[in-house]
Amino acid sequence: MLEFDALRKSFGANQVLDGVSFAVRPGSMFGFCGSNGAGKTTTMRIAMGLVRAEAGDVRWQGRALDQEARRRIGYMPEERGLYPKMKVGEQIAYFGRLHGMDAAAASRASAEWVERLGLGERRNDAVEKLSLGNQQRVQLAAALVSGPEVLILDEPFSGLDPIGVDSLAEALLDQSRAGVPVVFSSHQLDLVERLCDSVGILARGRMVATGTVDELRRREAGRLLRVVVPDAGPQWAAGIPGVRVVSEQAGDTVLELAGDTDDQTVLAAALGTGRVTHFAWQQPTLVELFRGAVAAPALQEVAA
Amino acid sequence: MSASRTPGSAGLVRLVAAREISARLRDKNFIISSVVILVVLLGAMGMQVALGSGGDSTRIGLVGGSAALGEALEAQGEALDVDVTVVAVDDEDAARTAIEEDEVDGVLVAEGAGEPELLVEQSADGALQSVVQGAVAQLALADQLAAAGVSDLELPQVGVTALDPDADQDGQRVGMAIIGVSLLYGLLILFGQFVAQGVVEEKSSRVVELLLATMRPWQLLAGKIIGLGLLGLAQIVLIVVIGVAGALALDIVDIPGELVGTAVAVVAWFVLAYAFYAAIFAVTASLVSRQEDLNTVVMPTIMVLVVAFVVGIQAASEPEGTLAVITSYVPGLSPMVMPVRQAAGSVAAWELVLSAALMIAAIVLVVRLGGRVYAAALLRTSGKVKMREALRAERV
């Protein structure tokens with residue numbers, strides 16, 4: 001279990017993390033979402049020992065991470081970094097050695113990853129001569145070369161074309177199937193939804209939602225009902241008790257029902273207007289969940 | 001999961017150092033600068049030899065003639081300050097061959113009763129002709145005087161009293177020290193820049209974040225400084241060994257013992273000076289994130305090096321002057337001044353120990369304070385970090 005436990009951190013007057021906690025099971029993939037500046041990078045940097053938390057800690061298998069444990073973590077920083085003039089193969093092997101491999105094992109693993117990521121022909125080229133996409137692959141190889149027990153990746157998908165995204169996703173799924181807990185942050189929520197077993201949404205230094213995508217959906221589900229009534233006049237649903245109209249556009253209506261409102265009452269009202277072409281509880285996408293989760297506290301703040 | 005063992009501090013420092021060395025050995029600029037330094041050094045020695053050998057060394061072949069003639073030639077050479085070597089040659093044919101093959105500068109044929117003859121390739125230079133002419137004339141004069149019954153001729157000897165018998169050697173000592181200090185200065189600037197560029201390269205390429213996820217800042221700093229330092233040491237030792245061996249082989253200096261002493265002093269001071277300046281270069285370079293900003297932050301350090309160099313050169317002309325004596329204790333300046341004082345005259349052992357101890361104390365201070373600045377500044381990749389801010393920052 002990789003546990004982030006009640007992390008707190010402020011830079012000056014700016015409270016960046018205010019009790020961030022979540023856990024990642026071995027073999028599962030955790031998608032870390034949040035708006036820009038929400039504190040995702042800071043959380044990951046704390047795990048890697050690059051920033052010191054004011055309170056809380058990060059534990060792997062029950063023990064707080066120290067420098068030695070961190071060598072068994074594969075890390076990809078948000079700002080990609082490689083030695084521009086060093087050759088691809090040597091560079092990957094060097095990072096293997098920094099993670100504790102001996103020279104022979106490191107160069108073997110480096111050769112293997114170079115092949116696996118399709119960089120075989122570029123093995124002896126300096127990194128600066130590679131395209132951005134290929135540099136990203138080298139970066140991934142540097143994180144994976146030592147066969148890490150844990151992967152922490154900050155925005156690994158940013159800047160990749162769709163094919164690059166697919167091959168990176170495949171590589172991460174491989175790792176997670178092999179039992180490695182994978183944490184990655186991303187703004188590409190469709191990707192997070194597709195890949196991740198669980199998701200955490202960070203807003204203003206707090207985890208506003210964690211759980212599997214289904215759990216999050218269930219929490220939101222049962223509240224939003226989409227009804228399409230082409231013949232209805234405007235404001236047709238306004239009079240139903242316990243119902244709030246979220247949006248309405250030419251009969252395509254999204255309604256929010258209070259907890260005890262019977263959906264059959266709504267159906268009856270809808271049938272009263274004429275044809276009903278669609279009537280279903282809405283499955284919110286992660287994007288909608290994200291908007292809801294990130295926006296909610298802000299509304300409260302406004303209300304207060 | 002993997003068969004990896006955890007590298008300790010020493011292992012990490014060694015890895016970083018090895019990477020620095022292999023990266024530099026493949027760097028064209030480094031190779032070129034090394035070759036240029038060696039070529040300049042060899043060229044300077046070659047010029048010494050060429051300038052020095054003009055009339056100073058002359059080989060004269062001798063066919064026939066008495067042993068007295070050979071001695072007379074050498075005596076004459078000594079009187080005229082020409083280094084004469086007399087080589088016995090069998091006959092005139094052998095003499096011609098020897099001249100054609102440049103084994104000798106000329107051959108004096110003094111066989112039979114005829115007038116002695118000087119064989120040369122094209123023309124006899126002034127020195128050769130005066131030596132031979134003088135020797136032959138002296139011998140003939142002695143013969144004729146003996147024949148006339150005059151012997152034991154008493155000629156007054158002019159006594160010579162040297163006011164400064166070692167002036168020439170003093171000059172050589174100071175010359176050696178100046179060459180040594182120039183070498184020290186050049187290599188300190190070169191390797192200091194390497195260290196500074198390396199630090200900024202890691203920051204500007206952002207690779208430093210990945211590195212610091214596996215090691216502490218001081219391990220990175222130590223590996224970088226030690227790796228480049230070993231390379232610098234190898235280079236100065238190579239240059240010094242070639243220089244000293246060349247100077248000894250070509251017989252440029254009259255005081256080989258002191259040449260070796262000065263060479264050892266220069267190498268030893270390089271080690272101390274490098275540790276000091278490399279740490280300063282690394283720390284100041286860590287304050288910026290772009291190569292373009294590097295010049296402004298390393299300029300003060302380079303100015304200190306220039307001042308040290310100028311003071312060192314000044315010390316050569318006045319090694320016991322107040323300025324030289326004081327600066328030979330000031331850490332940072334001492335590595336450029338003390339070798340000059342050591343070469344030029346008597347520096348007491350305690351002076352040397354004191355100066356080195358102050359330097360080492362300064363290195364410890366710079367490494368401790370600088371290490372904090374370096375650690376705090378490394379991960380700040382936006383703009384320029386202020387030294388005071390970095391010192392105050394938390395330690396990760």
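**Two chains, domain by domain**

Hi everyone, let's start with chain B, which is divided into domain 1 (10-46 + 168-392) and domain 2 (56-142). Those bounds come from an automatic or database domain assignment. The C-alpha centres of the two domains of chain B lie 53 Å apart.

Before we go on, a word on what you are looking at. This is a predicted model, in which local features need pLDDT of at least 70 and side-chain atom pairs count only at pLDDT 80 or more, while totals for chains, interfaces and linings use all residues. Residues are numbered from 1 along each chain as its sequence is written, and chains are lettered from A and ligands numbered from 1 in the order in which they are written.

Back to chain B. How many helices and strands are there in chain B? There are 14 helices and four strands. Here helices (H or I, at least four residues) and strands (E, at least two) are DSSP runs, numbered from the N terminus.

Chain B has 396 residues, and 40% of them count as buried. A residue is buried if 20 or more other C-beta atoms lie within 10 Å of its own, exposed if 12 or fewer, and partly exposed in between, with C-beta atoms placed from the backbone.

Now for contacts: two residues are in contact if their C-beta atoms, placed from the backbone, lie within 7 Å. Among the contacts in chain B with a separation of 6 or more, 75% are between residues 24 or more positions apart.

On to the nonpolar cores. A nonpolar core is a set of buried Ala, Val, Leu, Ile, Met, Phe, Trp, Tyr and Cys residues joined through C-beta atoms within 7 Å. The largest one has 162 residues, and B:Leu184, B:Ala278, B:Ala279 and B:Ala282 touch the most other members. Helix 9 (residues 256-285) of chain B gives the most to this core, with 19 residues. Apart from this core lies another, of 22 residues, including B:Ile60 and B:Val136.

Which residues does B:Ala278 touch, not counting residues up to four places away in sequence? They are B:Phe191, B:Gly192, B:Val195, B:Ile225, B:Leu228 and B:Gly229.

Next, the place where the chains meet. The contact takes 23 residues from chain B and 28 residues from chain A. On the side of chain B that touches chain A, helix 1 (9-25) and helix 7 (207-212) of chain B are the elements that give two or more residues. Helix 7 of chain B gives the most, with five residues. By class, this side of chain B has 13 nonpolar, five polar and five charged residues. For those classes, Ala, Val, Leu, Ile, Met, Phe, Trp, Tyr, Cys and Pro count as nonpolar, Asp, Glu, Lys and Arg as charged, and the others, Gly among them, as polar.

Let's cross over to chain A. Chain A is divided into domain 1 (2-212) and domain 2 (222-282), and 45 Å separate the centres of these two domains, taken over C-alpha atoms.

In chain A, four strands form an open antiparallel sheet in the order 2-1-4-5. Two strands pair if DSSP finds at least two bridges between them. Strand 2 (14-24) and strand 5 (63-64) of chain A are the edge strands, each pairing on one side only. Strand 1 (residues 2-11) and strand 4 (residues 55-60) of chain A pair in the antiparallel sense over five bridges, and A:Leu2 stands opposite A:Trp60 in strand 4 of chain A. Helix 1 (residues 40-47) of chain A lies across strand 1, strand 2 and strand 4 of chain A, at about 115° to strand 1 of chain A. For such angles, axes are lines fitted to C-alpha atoms, for helices over the stretch in contact, and angles run from 0 to 180 degrees between N-to-C directions.

Strand 1 of chain A also holds A:Ala6. A:Ala6 has a positive phi of about 50° although it is not a glycine. Why does A:Ala6 count as partly exposed? Because A:Ala6 has 14 C-beta neighbours inside 10 Å.

Finally, a second sheet in chain A: four strands form an open antiparallel sheet in the order 12-13-11-14. Strand 12 (243-249) and strand 14 (278-281) of chain A stand at the edges with a single partner strand each, so one side of each has no neighbour in the sheet. In strand 14 of chain A, the bridge partner of A:Val227 is A:Phe279.
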